[in-house]
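Visitor: Got this one open and could use a quick tour. Where do we start?
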Amino acid sequence: MNVATAAARVDDAARHVEAIEQLSAGESFSLGQAYEIQRASIKRRTQRGERTVGIKLGFTSRAKMIQMGVDSLIWGWLTDAMLEAEGASVDLSRFIHPRVEPEVCFVTRRDIDRPLTALEAHAYIEAVAPAMEIIDSRYRAFRFTLEDVVADNCSSAGLVIGAWSRRFDVLRNAGVLMRFNGRDVQTGSTAAILGHPLRSVVQASHLVAEAETPLPAGSLIMAGAATAAQALTPGLHVQCVVSGIGQAEFTTSSGA
Ligand code: OOG
Ligand code: MG
């Protein structure tokens, strides 16, 4: 597997809004190579002027692992081009087959460059917010192996972040509700995220330390979905409520 060629394939698929065959259909490759492809694809984005703003974790909940048939935690990069303003109208024509999932997002208050313990993690976090991630696999039918999805920057495509707070007290087991046009489509709890979403920060610290890519203060960490993801269509009002923490919302349009 040629890293540069593979990175160009997933990057071009995203830019041209065109699904591709799984990379693994051609030649099998290792998880280590998958992260190299991911890094090369992010480099293509930063060379076009995008800026990395943090990282995301994936498959931190059983609901997501079951939905996608993958059973290991993964991580990828977030860039400024993925940020959607809270309350915005999101044009879905930029995506292949977008889905949305309810999450919480952290913003860091100090650089993270070493593995943190659960006790330490708290002191590295400035604030938490209810958030939604828009994922959009570049692979046909949203199907992939673990290596494929890692190479594809873990399906990262967009994110909407609600108001920041320091309500860390309720974070362990806060009710999570996602609504489409006022109808509940997913319900769960933040406890589904590794038992406690702060554990995503601990995991993130281990991952960036191992990859030797320190996270500067002010970085975002998306903790991973609390429930399965839901397919997006135009004409929706999408809302995520995290009890005691707040809510985030956006609408969808076809761009036409
Ligand atoms: C991979 C991304 C998983 C999460 O929050 O678990 C993820 C995918 O499902 O396409 O973002
Ligand atoms: Mg996610």
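Guide: With a term: contact means heavy atoms within 4.5 Å. This is a predicted model, where local features need pLDDT of at least 70 and side-chain atom pairs count only at pLDDT 80 or more, while totals for chains, interfaces and linings use all residues. Residues are numbered from 1 along each chain as written, chains are lettered from A and ligands numbered from 1 in written order, and side-chain values use heavy atoms, leaving out hydrogens and water.

Visitor: OK, what is F106 in contact with, leaving aside neighbours within four places in sequence?
Guide: I125, A127, V128, W164, L171, P197, L198, V201, S219, L220, I221 and A223.

Visitor: And which residues have the most contacts inside the largest nonpolar core?
Guide: I55, F106, I221, L232 and F250, in a core of 47 residues. A nonpolar core here is a set of buried Ala, Val, Leu, Ile, Met, Phe, Trp, Tyr and Cys residues joined through side-chain atoms within 4.5 Å; buried is under 20% relative accessible area, exposed over 50% and partly exposed in between, with a 1.4 Å probe and protein chains only. Helix α6 (residues 198–211) gives the largest share of this core, 6 residues. Another core, of 23 residues, lies apart from it, with A7, V10, I20 and I37 among them.

Visitor: Switching to the metal: which residues are the protein donors of the magnesium ion (ligand 2)?
Guide: E101, E103 and E133, each through OE, lying 2.0 Å from the ion. Donors are N, O and S atoms within 2.8 Å of the metal (3.2 Å for Na, K and Ca), and with water not among the atoms, sites may look incomplete.

Visitor: Where in the chain do E103 and E133 sit?
Guide: E103 is in strand β5 (residues 99–108) and E133 in strand β6 (residues 125–135), 30 residues apart. Strands (E, at least two residues) and helices (H or I, at least four) are DSSP runs numbered from the N terminus.

Visitor: Are those two buried or exposed?
Guide: E103 counts as buried at 2% relative accessibility, and E133 counts as buried at 1%.

Visitor: New topic, helix α2. Which of its residues are buried?
Guide: A34, I37, Q38, S41, I42 and R45. They sit on the same side of α2 because they cover an arc of only 135° around the axis, taken from the directions from the helix axis to the C-beta atoms. K43 and Q47, on the other side, are exposed.

Visitor: What covers that buried set?
Guide: The cover includes α1 (3–16), β1 (52–58), β2 (74–79) and α5 (146–151).
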